[in-house]
Amino acid sequence: MSDPNANSTEPGDFDATSLGDLGEPEEQSELNEPSEPDDVSREAGDAVFAALLQRVGEAAPRPRLEPTRRVMDLLGDPQTSYPIIHVAGTNGKTSTSRIAESILRAYGLRTGLLTSPHLVRLNERIVIDGQPIGDETLAANWQDIQPYLAMVDSELLAAGDVALTFFEALTVLAFACFADAPVDVAVIEVGMGGEWDSTNVADGQVAVFTPIALDHMNRLGDTIAEIARTKSGVIKPAAAVVSAAQLTAARSEIERAAGLSESTLAVEGEAFELLESKVAVGGQLISVRGIAGTYSEIFLPLYGTHQAQNATLAIAAVESFLGGGSQALVGDLLAEGLGTATSPGRLQLVGTDPTVLVDAAHNPHGAAALAAALQEYFDFDEIVAVVGILADKDARGIVEALAPRVARFHVTQSNSERSVSVDTLADMVAECTSEETTFRFDDPAQALDDAREWAAEKPKRAVIVTGSITLVGEVLTLAEAGEWMTK
């Protein structure tokens, strides 16, 4: 791992005028194009995931920062060697993070991106210059940090505490990988909450808040205010805070935290806003009033007004980062950044003839956004939803949000230990809809086969897979193996 302090950047130091020597974006993307992985490399990458799985899982995070801080200190604080945009919230964090990263990369910056969870492989979570980290690089950095993880594990166990968790160790690994690359800027998605999330050992020059809703209530609190209070803990002194429109209780907590930290605050609807979103082939055309400029009819290859709102938030975040909110983005570079943005697992087309879409909505707010997008952006007569939901989620709220747009539900479960059983979930779905339109499948593959067969019977039918990220990940693998996009 290279010297983590070699490019140390203080908050507020970054200036868009310093981009001249970074090289053209096209040249950088060629330099960072990954080669095809061989079996040995793949095994090395998979071994990192296997090692992480030996730790306490992500479903049981520890509300603490000191262990992660201790490892980072031993490593020389690599998270201080590049500026950070820190993204918190309930829904839209991953998409907002990915869009912001894409815009920054269009500017010629070498970017790091940390998102969670992954859909198919761990490498998806740590992205460098637009590409999931290579297996060899992942494994090499994992080996580099092993002595330091072991040292802190020993200290924790000796004190009667739990060793570093999956997500704590992953956070350390990601920050080390970004310093080793090295990157010019990292976009970091909060894992859960904010104040005690392990990513909060880093100081974000920009703190971004997507819409805050009820989720992870057993960990974050039973009210919007409690959840927002925890999430607002990512705001650091003199940061630029950018927030989506929020419920009053959430906004009050963000305002309080921004005031206490002497940070600036830009809120959607006042400092910036989505002016218009128009359906287009392959996505939409959006017009945005940003903090520093207005941008008209730019193509975004993602579906749903919620994605237009995520893009609006990402634009405001990048404006705050590059020019302190006083410098409009360059039109061609913004168009490139939005036009190349992707958000896997979010209304992603994975099959044609019949149409199969996957969406990682796993709470009522996300399911409502999905239902609205299906209504506005597609012309389907009938939709079958293949659903599997985890036990700590509001399953009834998800189903009730989807029901107005869905003709039948194929109820199944993913391989996750936290999945609600098929019969329990199907009974609830039948209560919300009807027994006649509720079908039970122990095997997700069979649920998909039957759904695709039903959808293929008429030309304007489609399949949507949703309810949990784990189910979406499994279906992505099935779709690729079955070549659904070509058959």
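# Briefing: buried helices, ring pairs and backbone details

Phe 49 counts as partly exposed because its relative accessibility is 25%, where buried means under 20% relative accessible area, exposed means over 50% and partly exposed lies in between, computed with a 1.4 Å probe on protein chains only. This is a predicted model, in which local features need pLDDT of at least 70 and side-chain atom pairs count only at pLDDT 80 or more, while totals for chains, interfaces and linings use all residues. Residues are numbered from 1 along each chain as its sequence is written, and side-chain values use heavy atoms, with hydrogens and water left out. Helices (H or I, at least four residues) and strands (E, at least two) are DSSP runs, numbered from the N terminus.

**Aromatic rings**

- The structure holds 5 aromatic pairs, where rings of Phe, Tyr and Trp (its six-membered ring) pair if their centres lie within 6.5 Å, and planes under 30 degrees apart count as stacked, over 60 as edge-to-face and the rest as tilted.
- One of these is the edge-to-face pair of Phe 49 and Phe 166, with 6.1 Å from centre to centre and 90 degrees between the planes.
- Because Phe 49 lies in helix H2 (residues 39–53) and Phe 166 in helix H6 (residues 166–180), this pair ties together parts that are 117 residues apart in sequence.
- Phe 166, at 2% relative accessibility, counts as buried.
- The rings of Tyr 82 and Phe 178 have centres 6.2 Å apart and planes at 85 degrees, so this pair is edge-to-face.
- Tyr 82, in the loop between helix H3 (66–74) and strand E1 (84–88), is 96 residues apart from Phe 178 in helix H6, and the pair links these distant parts of the chain; both Tyr 82 and Phe 178 are buried.
- Tyr 303, Tyr 377, Phe 378 and Phe 380 are linked into a cluster by ring pairs.

**Charges over rings**

- Arg 408 lies over the face of Phe 439, at 4.1 Å from the ring centre, and a charge sits over a ring if NZ of Lys or CZ of Arg is within 6 Å of the ring centre and within 35 degrees of the ring normal.
- Arg 452 has its charged end over the ring of Trp 484, 4.3 Å from the centre of that ring.

**Buried helices**

- Helix H13 (residues 395–402) is largely enclosed by the rest of the structure, because 6 of its 8 residues are buried.
- The buried residues of H13 are Ala 395, Gly 397, Ile 398, Val 399, Ala 401 and Leu 402, and what covers them includes helix H12 (364–377) and strand E14 (382–387), with contact meaning heavy atoms within 4.5 Å.
- Helix H8 (residues 224–231) is mostly covered, with 6 of its 8 residues buried, namely Ile 224, Ala 225, Ile 227, Ala 228, Thr 230 and Lys 231.

**Backbone details**

- The peptide bond from Ser 116 to Pro 117 is cis, with omega near -10 degrees, and Pro 117 lies in the loop between strand E2 (111–114) and strand E3 (126–128).
- Ala 181 and Pro 182 are also joined by a cis peptide bond, with omega about -20 degrees, and Pro 182 is in the loop between H6 and strand E5 (185–189).
- Glu 297, in strand E11 (residues 294–300), has a positive phi of about 45 degrees although it is not a glycine.
- Leu 347, which is not a glycine, has a positive phi near 45 degrees, and at 4% relative accessibility Leu 347 counts as buried.
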